[in-house]
Amino acid sequence: MLTQAVNGDSRLSFWLRVREYAVPPSVIETASARRSVGDWAGACAAAGLDVDLDLRSVARTHGRDLAARVRADLRHLAPDLLRWHFPRIAPDGLLRPGLTLTLARYDAVGRAGAGAVHLVVRTPPAWADAGQRISLALWDECPGGADARRHSHPRPRPDRRFRLDLHRHLWDARRTDELRTRSGADRPPSDGRPATDRDPWGAVPQGRRCAVDRWAAEAGILLHAEGRAAGAVGVRLGGRRRLLLELAADPDGLGPPALRIAAAPVNRPPVAPPVLPDAATWVLPDLELVRAGAIEVERLHPLVASALVPGRPAAGPLRPPDRAGQPRLVECRGARHRIGLVDGVLAPMDHDPAEIRREELLVALTGTPLPCLQAIDEAHRRPDCLGGVRERLDHGDTAGALAVVEGLLGPDALLRSGALRDELEAAALQRITYGLFRAGLAGPGPARNGPDRRRSSDRRSHPRHAMPR
């Protein structure tokens, strides 16, 4: 997926594939419709979020005030927008596995010795993923806090680097207008490098643009959330590349804090500084795509499009029209014949039934079938659209994958053995693995250094979905 660059940038190619398949238009439409009528649970179900919290239980455990705050946030949660902005990994653009991410933090009020409560979302480990599901739960900072899924997730504690409680505009429908300012869309693009004499940028990964012009403001937001007006903030640029931001208050108290960028010290300090969230470190990929001319605004999420380009109506993510179900031409014995859907199945359209029955009998006797029948058999076993079907299955768009298959083979077709059937069966089996993981019955999973089922290069030679032992 990263071999073909868009405008010379493989990062743009990567995000184009993500925007095409990761959040289908049907998910956005259904989730938005449910949220608009106050059905937050229905919106979560439409966007593939499993809810692992009960508001009545929250009220009993943490009090009615906190439960009311959680309920208000859930009513304005746009789960499709959260999925749109969720951290992803190469090469397939899937959700970052095994991640616990904070959406909102609720400080304890009137509870002596109690820690904060976090509204978190979690992704399963890679071996248990099926359909790119996300779970929604509460996490209590207290060691003995209630968390029904504390022991079933490999990393139940929220990640400091991936947090959205300081970036509500990426999931809260009330705050989406902030995206234009927080992403830097209201300013001319910069070269992604700091205006400083000391240049530690040899460690910056090529092909990624840093939102340096926003770092001072974002570091201030982070330090304010930590109860400080100035101080140091760490920046992670991937791998072992680190920077240190020093935010110093103006001595006169009149101007904005000054930002100094330096390489992070080799020795780890006794008290680690807070980490700048990943959402504040890099330029918004949608902004990069729009500025590069790689994507039309109309293909973005409607809430993202209206924020980046105010006043421009957004029709929602669009895809090129499918030609599924249209007759295809096949060179057959010196003539051009058609194959297409007939009575709900893919069939030759220019051969009479008697001839087809004779040819099928010949094939049963190990004869060579007609080119039209060969093309139909190839469509059943390994069609040209297999890559698109696989992408949709990997991103959880099972309905879209089945629609492509039905458009090609017909709704009444019986799949023959082959790569297409293997992909659909593997996706179904992986849903069983995910269910076992959710129920806490799947065990620890495969070894960390075992084969990754997601690697597209291994799909032809290794099973993609291995049941945990």
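## Basis of the model

The model is predicted, so local features need pLDDT of at least 70 and side-chain atom pairs count only at pLDDT 80 or more, while totals for chains, interfaces and linings use all residues. Residues are numbered from 1 along each chain as its sequence is written, and side-chain values use heavy atoms, with hydrogens and water left out.

## Overall make-up

The protein has 16 helices and twelve strands. These are DSSP runs numbered from the N terminus: helices are H or I with at least four residues, and strands are E with at least two. Of the 469 residues, 47% are buried (under 20% relative accessible area, with exposed meaning over 50% and partly exposed in between, for a 1.4 Å probe and protein chains only).

Among contacts (heavy atoms within 4.5 Å) with a separation of 6 or more, 62% join residues 24 or more positions apart.

## Helix H5

Helix H5 covers residues 64-75. Its twelve residues should span 16 Å at 1.5 Å a residue, and the end C-alpha atoms are 16 Å apart, which agrees; the expected span is 1.5 Å times one less than the number of residues.

Leu66, Ala67, Val70, Asp73 and Leu74 of H5 are buried. Seen down the helix axis, the buried residues fall within an arc of 125°, so they line one face of H5; the arc is that of the directions from the helix axis to the C-beta atoms. Arg64 and Asp65, on the other side of H5, are exposed. The cover over the buried residues includes helices H3 (40-46) and H4 (55-62) and strands S4 (100-106), S5 (117-122) and S6 (134-140).

## Helix H15

Just after H15, Gly410 takes a positive phi of about 100°.

## Packing of H14 and H16

Helices H14 (residues 386-394) and H16 (residues 419-438) pack at an angle of about 5°, with axes 11 Å apart. Axes are lines fitted to C-alpha atoms over the stretch in contact, and angles run from 0 to 180 degrees between N-to-C directions. H14 is therefore roughly parallel to H16 (an angle under 35 degrees).

Leu386, Val389, Arg390 and Leu393 in H14 meet Ala419, Leu420, Glu423, Leu424 and Ala427 in H16.

Terms used
Angles under 35 degrees count as roughly parallel, over 145 as roughly antiparallel, 65 to 115 as roughly perpendicular and the rest as oblique.
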